[in-house]
Amino acid sequence: MIEILSPGELLRARETGALVAHILQTLKGRAKVGTNLLEIDRWAQSMILEAGATSCYVDYAPSFGRGPFGHYICTGVNDAVLHGLPHDYALAEGDLLTLDLAVILDGVAADSAISFVVGESQPAESLALIDVTQRALVEGIAAARPGNRIGDISHAIGTVLSEAGYPINMEFGGHGIGSTMHQDPHVANNGRPGRGFPLRAGMLLALEPWVMADTDELVTDADGWTLRSATGCRTAHSEHTIAITDDGAEILTVVR
């Protein structure tokens, strides 16, 4: 299903996106050495409920997970890149932490992810991983305009990742979003320009470049959810929800 939002729904999408961005930035500010991942999950739960929003994750039970997820935010540390299940772990100096959050507010969903290093140590490898996902996201957003196709977005993202020398996994990527979190079309993190579904004003997309330092192979953790790099290398993930407008892409998951 691909939804085309009305102007009124787009207004609500902006509010949802702003809420997701606010929660992520608040959690980033609170995440210190010694902070427990379960504590981050409780903070996320509190802010979601206080805003009158609904978590997209608590009851989420797709075929690729051992569902339901049962938590309010995905927390990936170091080699955990996607669907990180919060667990009893205290953050250490230099950990690379990814927070991925999706909520529904007033009937419209928004989804975003950020990666950052915890503490004073800033390992160069971790910063490079974060930087390449952010640059790929910028290029993907720039390609998201009416007249282009999904393949143009995928190609823009993949060009940045491949030119930086990182392997690209094609199993998981971006997606359509609207009244529910995951919708068509799938937005792979590499692809051929001029191919795929044509972009139309009113579409919402969640674009999410992610990389692993030296592999494109994922393994599933014993928790049945967390996806890790097969080699144990570090990983990073950046994501925004955007709206396709007549003038190009509007980033919704920003603090307003």
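I take helices (H or I, at least four residues) and strands (E, at least two) as DSSP runs, numbered from the N terminus.

**Entry 1: the model**

I note that this is a predicted model, in which local features need pLDDT of at least 70, side-chain atom pairs count only at pLDDT 80 or more, and totals for chains, interfaces and linings use all residues. Residues are numbered from 1 along each chain as its sequence is written, and side-chain values use heavy atoms, with hydrogens and water left out.

**Entry 2: the second largest pocket**

I use "pocket" for an open set of points, on a 1 Å grid over the protein atoms alone, where a 1.4 Å probe fits, with protein on both sides within 12 Å along at least five of seven lines; lining residues have an atom within 4 Å of a point. The volume of the second largest pocket is about 290 Å³, a volume being the space filled by probe spheres set on the points, which are joined across faces, edges and corners. Its lining has 18 residues, and Ala-113, Ile-114, Gln-134, Ser-238 and His-240 are the closest to the centre. Which strand gives the largest share of this lining? I found that S5 does, with five residues. H1, strand S5 (108-117) and helix H3 (124-142) each supply at least two residues. I sorted residues by class: Ala, Val, Leu, Ile, Met, Phe, Trp, Tyr, Cys and Pro are nonpolar, Asp, Glu, Lys and Arg are charged, and the others, Gly among them, are polar. The lining of the second largest pocket then divides into nine nonpolar, seven polar and two charged residues.

**Entry 3: the largest pocket**

I looked up the largest pocket next and found about 330 Å³ of space in it. Of its 24 lining residues, Phe-64, His-83, His-175, His-182 and Glu-208 lie nearest the centre. Strand S6 (174-176) and strand S7 (183-187) each give at least two residues to this lining, and S7 gives the most, with four. By class I list eleven nonpolar, eight polar and five charged residues.

**Entry 4: strand S8**

I call a residue buried under 20% relative accessible area, exposed over 50%, and partly exposed in between (1.4 Å probe, protein chains only). In strand S8 (residues 204-207), Leu-204 and Ala-206 on one side and Leu-205 and Leu-207 on the other are all buried. I count two strands as paired if DSSP finds at least two bridges between them. S8 pairs with S6 in the antiparallel sense over two bridges, and His-175 has Ala-206 as its bridge partner in S8. S8 also runs antiparallel to strand S13 (residues 240-245), joined by four bridges. There, Leu-207 stands opposite His-240, a residue that I had listed at the second largest pocket.

**Entry 5: salt bridges**

I found five salt bridges in the structure, each being a side-chain nitrogen of Lys or Arg within 4 Å of a carboxyl oxygen of Asp or Glu. How far apart are the closest N and O atoms of Glu-250 and Arg-14? I read 2.6 Å for this pair. Glu-250 lies in strand S14 (residues 248-251) and Arg-14 in helix H1 (residues 7-30), 236 residues apart. Glu-250 counts as buried because its relative accessibility is 18%, whereas Arg-14, at 23%, is partly exposed. Arg-14, Glu-250 and Arg-256 are linked in a network of salt bridges.

I then followed Arg-228, whose salt bridge with Asp-79 has its closest N and O atoms 2.8 Å apart. Asp-79 lies in the loop between strand S2 (74-77) and strand S3 (80-82) and Arg-228 in strand S11 (residues 227-229), so the pair ties together parts 149 residues apart in sequence. Both Asp-79 and Arg-228 are buried. Arg-228 also meets Asp-221 in a salt bridge (2.8 Å, N to O), and Asp-221 is partly exposed at 25% relative accessibility.
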